[in-house]
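Reader: Hi, I'm new to this one and would like to go through it slowly. Could you put it up first?

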Amino acid sequence: ISGEDQPNTCMQVVEKPLAVSTYCPDMDTSAASEASSVSKASAGVLYAFSATNSSAGALYFQIANSATLPADATVPVLSYYCAASGTVSDTFIKGRYCSAGITWCWSSTAATKTIAAASGIADVRYK
């Protein structure tokens with residue numbers, strides 16, 4: 001059979017793309033500048049994100065393990081520095097589990113959430 005190496009007990013495997021969303025991450029993509037978004041309001045897995053800061057000053061793109069937007073002064077799960085007019089992104093090959101939900105926001109402080117104005121856009125991929 002084509003693709004097999006029987007003497008070495010090997011079989012070729014080819015990954016085929018599917019035109020269905022069953023195995024693909026869902027997306028939370030900004031349509032305009034915003035300050036925050038609840039990507040998933042229940043437990044989920046974060047796979048990747050890309051965020052662009054459209055403000056004139058540096059901000060922090062933060063991810064919270066929450067089904068709602070947390071209060072200011074809450075410590076985020078992840079916090080990424082993003083220069084003015086810059087872009088920040090990350091990919092989690094095996095995913096990053098969030099037990100409560102996946103929420104993101106722009107913050108003016110790194111260690112805790114201090115919500116910024118509608119300061120950028122984001123594309124968050126999760127399941």
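**Overall build and one threonine**

Author: This is a predicted model, and of the 127 residues of the protein, 34% count as buried.

Reader: Okay, and how many helices and strands are there in the protein?

Author: The protein has 0 helices and 10 strands. The radius of gyration is 19 Å, well over the 14 Å that the globule rule gives for 127 residues, so the protein is more spread out than a compact globule.

Reader: What does the C-alpha trace span along its principal axes?

Author: The C-alpha trace spans about 60 × 30 × 25 Å along those axes. As for contacts with a separation of 6 or more, 80% of them are accounted for by residues 24 or more positions apart.

Reader: Switching topic, where does Thr 52 lie?

Author: Thr 52 lies in strand β5, which covers residues 44-53.

Reader: Is Thr 52 buried, exposed or partly exposed, and why?

Author: Thr 52 counts as partly exposed because its relative accessibility is 28%, and that class lies between the buried limit of under 20% and the exposed limit of over 50%.

Reader: Which residues does Thr 52 touch, leaving out those up to four places away in sequence?

Author: With those left out, Thr 52 touches Gly 86, Thr 87, Trp 106, Ser 119, Gly 120 and Ile 121. With Thr 87 there is a polar contact, made between the two side chains at 3.0 Å.

Reader: And how far apart are Thr 52 and Gly 120, in sequence and in space?

Author: Thr 52 and Gly 120 are 68 residues apart in sequence, while in space they are 5.5 Å apart, C-alpha to C-alpha.

Key:
Residues numbered from 1 in each chain as written. Predicted model: local features only at pLDDT ≥ 70, side-chain atom pairs only at ≥ 80, totals over all residues. Heavy atoms only, no water. Helix = DSSP H or I, 4+ residues; strand = E, 2+ residues; numbered from the N terminus. Rg over C-alpha atoms; globule rule 2.2 N^0.38 Å. Buried < 20%, exposed > 50% of the residue type's maximum accessible area, 1.4 Å probe, protein only. Contact = heavy atoms within 4.5 Å. Polar contact = N/O pair within 3.5 Å; in protein donor to acceptor, adjacent residues only side chain to side chain.
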